[in-house]
Each structure stands twice: as structure tokens, then as C-alpha cells.
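Hi,

Here is the structure I promised to pass on to you. Have a look at it first, and then read my notes on its pockets, cavities and ligands below.

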Amino acid sequence: MEREAMEVDVVIVGAGPSGLSAAIRLAQLGRETGREISVCVLEKGSEVGAHILSGAVLEPRALDELIPDWREKGAPLETRATDDRFLLLTKTGSLRLPTPPQMHNHGNYIVSLGNVCRWLKEQAEELGVQIFEGFAGAEILYDETGRVLGVATGDMGVGRDGKQKDSFAPGYELRARYTLFAEGCRGSLTEGLFERHDLRAGADPQTYAIGIKELWEIDPEKHSRGRVIHTIGWPVDNRTYAGSFLYHLENNQVAVGYVVGLDYRNPYLSPFEEFQRFKTHPAIRATFEGGRRVAYGARALNEGGFQSIPTLVCPGAAIIGCAAGFLNVPKIKGTHNAMKTGMIAAESVAEALADDGGPVLGAYPEKLKRSWVWDELYRVRNIRPAFRWGLWPGLAYSAFDTFVLRGRAPWTLRHRPDHVSLMRAADAPKIDYPKPDGEVSFDRLSSVFISNTNHQEDQPCHLTLKDPEAPISVNLALYDAPEQRYCPAGVYEIVRDGAGNNPRLQINAQNCVHCKTCDIKDPGQNIDWVVPEGGGGPNYPNM
Ligand SMILES: Cc1cc2nc3c(=O)[nH]c(=O)nc-3n(C[C@H](O)[C@H](O)[C@H](O)COP(=O)(O)OP(=O)(O)OC[C@H]3O[C@@H](n4cnc5c(N)ncnc54)[C@H](O)[C@@H]3O)c2cc1C
Ligand code: SF4
């Protein structure tokens, strides 16, 4: 069936901080130069912000540059970070450590990134940007030379069996002079672009963590607006890179989350259960007792940093924000860099449109290398990989690299892909997680319930298996099916017949919160996450 098509100057895939900043900068430049630039943004969530999950402490540097009068314009940055604490947890105690310099948050704000994106959307729309919410970019359009010509949204109304339902509507083609990929961490179209143009050649593999987050309303007596707490140590062992965040924002709310590096080794580890267990620590539990959990979600984040930055451009397209991977791990911040890379790419696109430039946006990586993003990421590039040696060697090396070498070491530590790190289950210690108490710790299903996740049930499964046998013949046989534990939404279950035989993998795709962990961590890279029907997925209120 023929698809309808629309032509614009620029199409942006993803309405997160990077995509919206690029859109706003393009529209601003169009106004400044008197050459209107038509921009449209696609967002797979039911609305902008619905799929955004972050900490978040926001460094406002890029926002100051993009919209200097953001205060007058009512940006939802209401809570200044005033009090930084960095704790080492042992099983029963806690020790306050000096806060590492990268984690000083003076001048930063504790925000809901979802709400910041909703506000950025309004700013973009006021400047004439078109935003299509509930539409997923499902296919990249190429010409015969491989030049990107835009993207197509997915077909709607296709049944689980692949057949068209009565409600069928074909996807829509958005054709553009330039396409910006702003899908965030592990973008599904971006992965295809990497492959098609070999954009990861010469870069280290990207590495990741999974971040699981809850939003709580707590007893006002225990709330301290502006407090920022990070912890390391318990409940994980010293070989596993993990830590928590607790941010006290407005309205007696606390954003609490736990981040586990996806290079963890023990297939029995469950990031979800580590998070639940973390909240029961004597130094943490009291904050949440008597409070109410209001939201839950999870999302992967990039940890590769400088050495994992891919080639950022190919004919007709550029990659911005966490789709490329600009998160600063020691700072645990990526939003300012995502916004800035979007802005730089926008400036390069505007120049190319004005000069009738060629298809390759070469100015974008050039300008980026001269920007503060590059310098910032270069200086911290060795810190995350040093934690591969364990918590104590990692901390010692980080102090040496930061205070003595000042990020200028004459070496660069390399990365390995996360999916190769799992030990065989037979060699790994089992982990006995406590049962949730229903007060501060919970199970997966009640958690997914408050992520407001919804997918049209009768549609093709968006978690596709390259080899349908591998979940049993490889994952279950060698690793005791780790997807049952790393998925924070209980999507993967090994089910057996009445006699406990004939195991098979059941995929509860409707629960998927789009964190992308399975696409990253599956030991055989057998799971391919593709976009479901637009609008499906979590509906985060203010994460
Ligand atoms: C647990 C956690 C804590 C964090 N804490 C902080 C913090 O405190 N401070 C900080 O600065 N950063 C933090 N970060 C990182 C920060 O959230 C990211 O750097 C930032 O969100 C990246 O912005 P982005 O626009 O590149 O991608 P995203 O924010 O991921 O946005 C991408 C958007 O694109 C949409 N999309 C994806 N694919 C498609 C498609 N095919 N079609 C249509 N739409 C699509 C998504 O739905 C989403 O709305 C944290 C991240 C996590 C996970
Ligand atoms: S199925 Fe994959 S992407 Fe979805 S929630 Fe589970 S791990 Fe995350």
C-alpha cells in the first residue's frame, strides 16, 4: 500500500532534551536569518515526556545558552541543589565520604526531566516546530547510495499474526533534507544507522547501565528540599559497579533510583531486587517509611563516554544526545550534553541549508570538538573503565586521575561490550533476595502497574528473537535465563508444563517499559528491540 509522505527541511526522531533543543535552535536560527526552516519531531510516547526517565539533577549550562530567559518563561526548574552528600554503605552502617568534585551540584537544579521536556515542547511549538506525539520512527528511508532521506512511522492496526486489522493505517513518510537521530540511549533506528554506515568503526563499544527509579511523596518532617544524596557499596559486591541517588525535590517528593553497570558478571544478579533491597538499608529506610510511592520506571543509560563516541554523521543524517552517547558518568549527567549536541547539530544544519551544503554535516563533529562537551568528556574518560578493577581500585584510580593527572593521563582505558561479561550460572553464586515488605520494597508487577504502561495487545511482538531456540538452548542452559532477572518489568518468564518440563520463554511484551536493557545485555545479542505501535509503552507523569 502506498504511504503518504510529507517533505520538511529537518526531521528529528525523538522528543527528549536533545531532539527538542535541536528543534528550538533550528527554529530560532530560521527566525534570526529570515529563512524559515521547517522542522518536525517524532515522539513514540503517547505525549512528550511520557517515556522520559532520568534522575535528575540538571546542570543548566546548555539551557542558559538556548533560552537565556528560561526563568521568566516559567521553566520547571524549581528546586536548587543545595546539599550534596556521598555515602558508602556497608550492610548495617554508612560512612560519609568527601563528595568527588564532579558530583558537586552547586548551581544545579533538581527536576523532573519529563516536565522539562514538556516545557521545551511548548517553547518549540511557539517557534513553529511541528511535534507528532504517539508516532514512532520505525524505518529509515535511504536512497540507493545510502543517503538518509528521512524516516517512516510504523503501520498502525497490524495484528499479532502480522495481518492487517480493520483499523489498519499505513505508516507515514517524513522526507527531509537532514534527519537528526535523537532517540536517546540505544535508539533502535540509530543502531540500524550505525550498521548501515559502519559508524562505530574505530570507536570502543558503547557500554551501559540500567537505572531503576521511583518517585515518592514522603513525610514532610523527613524532607529536605534541595538535598542530593548518592551512595555506593552495599547491597552489591565490590566487583559490581552500582550506586543510588536520592534527590529531594519540591512538594515533599523524593526521586530515588539505583543504577547498575551492565557489565555485571553474576547472571543471578537482579538490578530490580538490588534496588528494592537498597531501600531497606538502615540509613535509607526511614526516609520512605510512612511515605507513598507514586511512580516507577526504568531506562538504560550510556557509560562509554569519550572513547565510545561513534562517527556522528553520514549522508543526510546526524546523531545527537544519548543516541550517540554523551553522558558524563562521574557527574551522572547527560542532559546538558544532550541539549548542547542538539544545538550544535542544529547550527550545522542551518548553515548547510543556507549554503546549499552537501549531504554530510561535517561541521557538526568539528564544532563539537571545539565545544565544552568534548573537553568535559575527555577529562573523565578513564574513570568509569577503572571501576572494572573493583570498587576500591576504581575509587583510588579516580582520585589519582582527577587530582593528580587532572584528566590528562597519556593513556585511555578501553571498553568491552557488556553482553560478554556474564559468567556461567554453574560458576556463579546464587543470590537470595528478601521478599518485598510492601512498605518500602515491592515486587515487579505492582511496580510496573504504577508506570502506567500500556500497549495495544493485538500487535506483533516488539521484542523479536533472531534465534527462537536460543533462550532455552543458550540462555537457560548456560546462564539460567538472566532476562528473567535483568528485565525490570517482568517481561521475560520461563514457563514449564505441569510436570515442570519443556521450558519455554514467555514474553509479556505489553509490560515493557522501553528501558532497552534486553537489547544490550542478552549474552548472544539475540533480542532485537523494535518500536511497537506508536503511543505504546510507559506513561510516566513526571519522571
Ligand atoms: C536513571 C537515570 C538517571 C539519570 N540522571 C541524570 C541526572 O541526574 N542528570 C542528568 O543530566 N542526566 C541524567 N541522566 C541522563 C539523561 O536522562 C540523559 O542524558 C538524557 O535524557 C538524554 O537525552 P536524549 O534527548 O538524548 O534522550 P532521551 O531523554 O532518552 O529522549 C529520547 C526520546 O526519543 C524518543 N524516541 C526514541 N526512539 C524513538 C523512535 N524510534 N521514534 C520516536 N521517538 C523515539 C523517546 O521516547 C524519548 O522521548 C539519567 C539517566 C537515567 C536513565
Ligand atoms: S523487555 Fe527489554 S526493554 Fe522492555 S522493560 Fe524488559 S528489559 Fe526493558
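**Pockets, cavities and ligands**

In the largest pocket, 44 residues form the lining, and those nearest its centre are Ser188, Asp519, Asp528, Trp529 and Val530. Please keep in mind as you read that this is a predicted model.

Which elements build that lining? Strand E9 (137–142), strand E11 (156–158), helix H4 (188–197), helix H15 (517–521) and strand E24 (527–529) each give two or more residues to the lining of the largest pocket. Helix H4 gives the most, with 6 residues. The volume of the largest pocket is about 920 Å³. If you sort its lining residues by class, you get 19 nonpolar, 13 polar and 12 charged.

Now for the next pocket. The second largest pocket holds about 730 Å³ of space. It is lined by 38 residues, and Phe86, Met103, Ile232, Phe387 and Leu395 are the closest to its centre. Strand E15 (227–233), strand E16 (242–248) and helix H11 (391–404) are the elements that supply two or more residues to this lining. Helix H11 has the largest share, 6 residues. By class, the lining of the second largest pocket splits into 23 nonpolar, 12 polar and 3 charged residues.

Next, ligand 1. How many residues surround ligand 1? There are 36, and Ser18, Glu43, Ser54, Val57 and Cys322 are the closest.

- At proline 17, a polar backbone atom is 3.2 Å from an oxygen atom of ligand 1.
- At lysine 44, a polar backbone atom is 3.0 Å from a nitrogen atom of ligand 1.
- At glycine 137, a polar backbone atom is 2.8 Å from a nitrogen atom of ligand 1.

How much of ligand 1 does the protein cover? On its own, ligand 1 has 1000 Å² of accessible area, and the protein covers 97% of that.

Rolling a probe the size of a water molecule over the atoms shows where empty space is left. In this structure there are 4 cavities of 30 Å³ or more. The second largest cavity has about 80 Å³ of space. It is lined by 15 residues, with Cys487, Pro488, Cys512, Cys515 and Cys518 closest to its centre. The lining of this cavity has 12 nonpolar residues, along with 2 polar and 1 charged.

What takes up the second largest cavity? The space belongs to ligand 2. Around ligand 2 there are 13 residues, and Cys487, Cys512, Cys515, Lys516 and Cys518 come nearest. Sorted by class, the shell around ligand 2 has 11 nonpolar residues, 1 polar and 1 charged.

Enjoy exploring, and write back with any questions!

Best wishes

Note on methods
Residues numbered from 1 in each chain as written. Chains lettered and ligands numbered in written order. Predicted model: local features only at pLDDT ≥ 70, side-chain atom pairs only at ≥ 80, totals over all residues. Heavy atoms only, no water. Near = heavy atom within 4 Å. Polar contact = N/O pair within 3.5 Å; in protein donor to acceptor, adjacent residues only side chain to side chain. Areas by Shrake-Rupley, 256 points an atom, 1.4 Å probe, with all protein chains shown as cover. 1 Å grid on protein atoms, 1.4 Å probe; cavity = no way out; pocket = protein on both sides within 12 Å on 5 of 7 lines; lining within 4 Å. Points joined across faces, edges and corners; volume = space filled by probe spheres on them. Helix = DSSP H or I, 4+ residues; strand = E, 2+ residues; numbered from the N terminus. Nonpolar A, V, L, I, M, F, W, Y, C, P; charged D, E, K, R; others polar. Sits in = over half its atoms within 2 Å of the grid points.
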